[in-house]
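Subject: Structure for you to look at, with notes

Dear colleague,

I am passing on the structure below, and I would be glad if you read the notes that follow with the model open beside them.

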There are 2 protein chains.
Amino acid sequence: MPNPQLLASALSIVLFGSTVSATGPVQAQTAAPPEPGMTSAPVVARSVAEILEASQPSDWRTLDPASTLYLELDSGRVVIELAPAFAPEHVTNIRTLAREHYWDAMSINRSQDNFVVQFGDPAQDDAPRKPLGSAKAKLPAEFARSIQGLNFKLLPDKDGWAPQVGFVDGFPAARHPRANTAWLAHCYGMVGAGRDVAADSSNGTELYIVTGQSPRQLDLNITLVGRVVDGIERLSVLPRGTGPLGFYTEPSQRTPTRSVRLAADVSQAERTQLQLLRTDTALFDELVEARRNRRDAWYKVPAGHIDLCNVPLPTRAPPQT
Amino acid sequence: MPNPQLLASALSIVLFGSTVSATGPVQAQTAAPPEPGMTSAPVVARSVAEILEASQPSDWRTLDPASTLYLELDSGRVVIELAPAFAPEHVTNIRTLAREHYWDAMSINRSQDNFVVQFGDPAQDDAPRKPLGSAKAKLPAEFARSIQGLNFKLLPDKDGWAPQVGFVDGFPAARHPRANTAWLAHCYGMVGAGRDVAADSSNGTELYIVTGQSPRQLDLNITLVGRVVDGIERLSVLPRGTGPLGFYTEPSQRTPTRSVRLAADVSQAERTQLQLLRTDTALFDELVEARRNRRDAWYKVPAGHIDLCNVPLPTRAPPQT
């Protein structure tokens, strides 16, 4: 008979059983038996681990090197997938800035608890700033786009912030069918381009990453340019700045950004090998359902719901062939 | 004419203008002018900063020392407000454990990105565990309680996880009127008691703190015992554990818990002086509305919505008299 103290500790294995992924835990449970008297599908509710184990190569995708950004810190690499389908002009500018080494020897200048970290030129107030090279100084606001042409995977759940939410090629997104607009959603790990008061005042040089409770009020108010798909924990643990808005008060507190490069500009050998679960498959539907209603022995009350920003977006190293 | 780069950096001042609080940023903006043609209330939309500045002493409350826990780390103190109205048996046990120095010289054993940190006895598997002293080894599940007797401040917004959500004495909470149940909600900073598979297998020795996107699927499935009201940033930055579920793989990676004490057991001089904004006031209603619809010049599209876990719960040092 196990001792209760042991159980209390072992709880976490059951409670939070998971594989760490970029955006959250992935439950790793044994399947619960079918509910008594259940005669129609789903006959068997598979666990997330079982679902992923049953995945086919076609359920996974690889990153496009031209839309993959490597942020190199002393602690290692952060991999960002850019979203040219939503922010084409910002992504083009970011590619140029990376290619011309704009962010090399700059820094992460801000970490605000339960909100964002932000990197870019640390120059303050009227101090001279690094020239933009051939990147554009001015870009249009890219807060939303038309619905047409998007492979939108609808989440069945209601959302308080938007008429509909779901996923577009792995990105959490929202849409308003009557207004014919779609936009990316501020979930954990999303990357955006800071701006001033004017809607069109961002140019992609100041990038922030969401490291707290999804600040969805920013949706439709600022341009999201991508999502961290690997290494978010190198950003989320950064000491919080003690100045206003989480800015660091001393230059020594900033984390250097060694370099920011497009994967396409890095040799094949230096690229991060990563596969991402596709969000437009039946397998992904099953994974979402497994999280909407947890059927393992630990959960007593399945939620019957999931928030857009609670859906895990699993990644894996490419299987050895 | 300010240079655009400067603006891009200064953006954060406008975009993320805030005072850091335990649960999130508090916007600190100048008020926007009344909307053109607006003739009925609200005539003036005040900013959060203005609202707080206009607050009266009666808008604030102080913590009950008998329900306030000090978790002392090398980095400083984390202040937890316990919730005896929701988890009376757990809170009683936690008071006993603290009084008998149960957690002294224990550790934080787990930090899982975008999820939780957890502290308690680091003993693993079959290793002997610290005796409980006069604390109970077994407690009932306290996942929900009746609605009666709760001062429930309803949030006007829809929630996907529960029929109604709002605040009870400063705690984010949910309720189901027809089922006559109310429960605490897993928002950022909430503190819960780990358990094993059996619903009644927690005893309050293993405590977890939410440090990521609100895992509301845990609501009604585990006993929440309180909320971090100060010092959450001492927990949220802890290096993520690389073992399964974010457990540390080496004992040296654990963060020591120097001591855990009830404020009531600490001398007056050693207590943290802190006031919390009451959630049952007209002022709090105005603050929520100021966040549901941001009316400053930076925001182009007010959300018209707020999620329970995005509502800031401001704290302050007691004003000097």
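What share of the contacts in chain A with a separation of 6 or more comes from residues 24 or more positions apart? Such residues account for 69% of those contacts, where contact means heavy atoms within 4.5 Å.

Please keep in mind that this is a predicted model, in which local features need pLDDT of at least 70 and side-chain atom pairs count only at pLDDT 80 or more, while totals for chains, interfaces and linings use all residues. Residues are numbered from 1 along each chain as its sequence is written, chains are lettered from A and ligands numbered from 1 in the order in which they are written, and side-chain values use heavy atoms, with hydrogens and water left out.

The overall picture

Chain A has five helices and 18 strands; both are DSSP runs numbered from the N terminus, helices (H or I) having at least four residues and strands (E) at least two. Of its 321 residues, 59% count as buried, a word that stands for under 20% relative accessible area, with exposed meaning over 50% and partly exposed lying in between (1.4 Å probe, protein chains only).

The sheets

An open sheet of nine strands runs in the order E15-E6-E7-E13-E12-E14-E5-E4-E16 (chain A), with antiparallel pairing, and two strands are said to pair if DSSP finds at least two bridges between them. E15 (255-257) and E16 of chain A stand at the edges with a single partner strand each, so one side of each is left without a neighbour in the sheet.

Within this sheet, E5 (residues 76-82) of chain A is largely enclosed by the rest of the structure, because seven of its seven residues are buried. E5(A) pairs with E4 (residues 68-73) of chain A in the antiparallel sense over six bridges, and the two form a hairpin with two residues between them; one of the bridges has Glu72(A) with Arg77(A) as its partner. Four bridges also join E5(A) to E14 (residues 223-230) of chain A, again antiparallel, and here Leu82(A) stands opposite Gly226(A).

Apart from its neighbours within four places in sequence, Ser259(A) is in contact with Tyr70(A), Leu71(A), Glu72(A) and Asp104(A).

There is also an open sheet of three strands in the order E3-E17-E18 (chain A), with antiparallel pairing.

The salt bridges

Over all chains, a search of the whole structure finds 34 salt bridges, each being a side-chain nitrogen of Lys or Arg within 4 Å of a carboxyl oxygen of Asp or Glu. In one of them Asp157(A) is joined to Arg292(A), with the closest N and O atoms 2.9 Å apart. This pair links distant parts of the chain, since Asp157(A) is in the loop between E8 (152-154) and E9 (164-168) of chain A, and Arg292(A), 135 residues apart from it, is in helix H5 (residues 282-292) of chain A. Both Asp157(A) and Arg292(A) are buried.

Glu289(A) forms a salt bridge with Arg295(A), whose closest N and O atoms are 3.9 Å apart; Glu289(A) is partly exposed at 31%, and Arg295(A) is partly exposed at 27%. Asp157(A), Glu289(A), Arg292(A) and Arg295(A) are linked in a network of salt bridges.

With best wishes
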